[in-house]
Amino acid sequence: MKSRESLVRLKEFQVNEKRRQLHQLQMMMSEFERMTKDLESQIVVEEKKSGISDPNHFAYPTFAKAARQRADNLQVSIKELKMQEETLEMALEEMQAEYARATALEERDGGARARA
């Protein structure tokens, strides 16, 4: 039953690939969160330096405006990545279920061959 063995290997590969993708996505989100925190601390420093904390003020520091926009963009990206993470987690669960079914079939067929 070579076809069952190759099916099991294929399913195992797919599960491992989804896990890798999920891990990569989580690493990206944590990096974006770290970058956001860094930007926010830089904004605070810049606001203290200038003495202006109102982004609508005409003399608000340009660097702080740019950093604030970048931090906002990163937050949007994090939200989008979280939606992708949820989708990927559901796909991983499905792949794991398919892998478990394929493994069970292989074990059942292996047991039947051993008895024959």
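1. Is Leu 7 buried, partly exposed or exposed? Leu 7 counts as partly exposed, because its relative accessibility is 32%. The model is predicted, and every value below is computed from it. Leu 7 sits in helix H1, which runs over residues 2-50. Together with Leu 10 and Phe 13, Leu 7 makes a nonpolar surface patch of about 270 Å².

2. Overall form. The chain has two helices and zero strands. Its C-alpha trace spans about 85 × 15 × 15 Å along the principal axes. The radius of gyration is 25 Å, whereas a compact globule of 116 residues would have one near 13 Å.

3. Contacts and surface. Of the contacts with a separation of 6 or more, 76% join residues 24 or more positions apart. Buried residues are 24% of the 116 in the chain.

4. Thr 36. This residue belongs to helix H1. Thr 36 counts as buried because its relative accessibility is 2%, under the 20% cut-off. A polar atom of its side chain lies 2.8 Å from the backbone oxygen of Phe 32. Beyond neighbours within four places in sequence, Thr 36 touches Ala 71, Leu 74, Gln 75 and Ile 78.

5. The structure holds six salt bridges. One of them pairs the side chains of Glu 98 and Lys 11, at 2.8 Å from N to O. The pair links distant parts of the chain, with Glu 98 in helix H2 (residues 62-115) and Lys 11 in helix H1, 87 residues apart. Lys 11 has 15% relative accessibility, so this residue counts as buried. Glu 98 has a relative accessible area of 26%, so Glu 98 is partly exposed.

6. Glu 17 and Arg 20. Their side chains meet in a salt bridge, 2.5 Å from N to O. Both residues lie in helix H1, three residues apart, about one turn of the helix. Glu 17 is partly exposed at a relative accessible area of 25%. Arg 20 is partly exposed too, at 42%.

7. Asp 38 forms a salt bridge with Arg 34, and the closest N and O atoms are 2.6 Å apart. These two residues are both in helix H1, four residues apart, about one turn of the helix. Asp 38 counts as partly exposed at 35% relative accessibility. Arg 34 is likewise partly exposed, at 39%. A network of salt bridges links Glu 31, Arg 34 and Asp 38.

Terms used:
Residues numbered from 1 in each chain as written. Predicted model: local features only at pLDDT ≥ 70, side-chain atom pairs only at ≥ 80, totals over all residues. Heavy atoms only, no water. Patch = residues over 30% accessible without salt bridge, like charges linked within 9 Å, V, L, I, M, F, W, Y side chains within 5 Å. Areas by Shrake-Rupley, 256 points an atom, 1.4 Å probe, with all protein chains shown as cover. Salt bridge = Lys/Arg side-chain N within 4 Å of Asp/Glu carboxyl O. Buried < 20%, exposed > 50% of the residue type's maximum accessible area, 1.4 Å probe, protein only. Polar contact = N/O pair within 3.5 Å; in protein donor to acceptor, adjacent residues only side chain to side chain. Contact = heavy atoms within 4.5 Å. Rg over C-alpha atoms; globule rule 2.2 N^0.38 Å.
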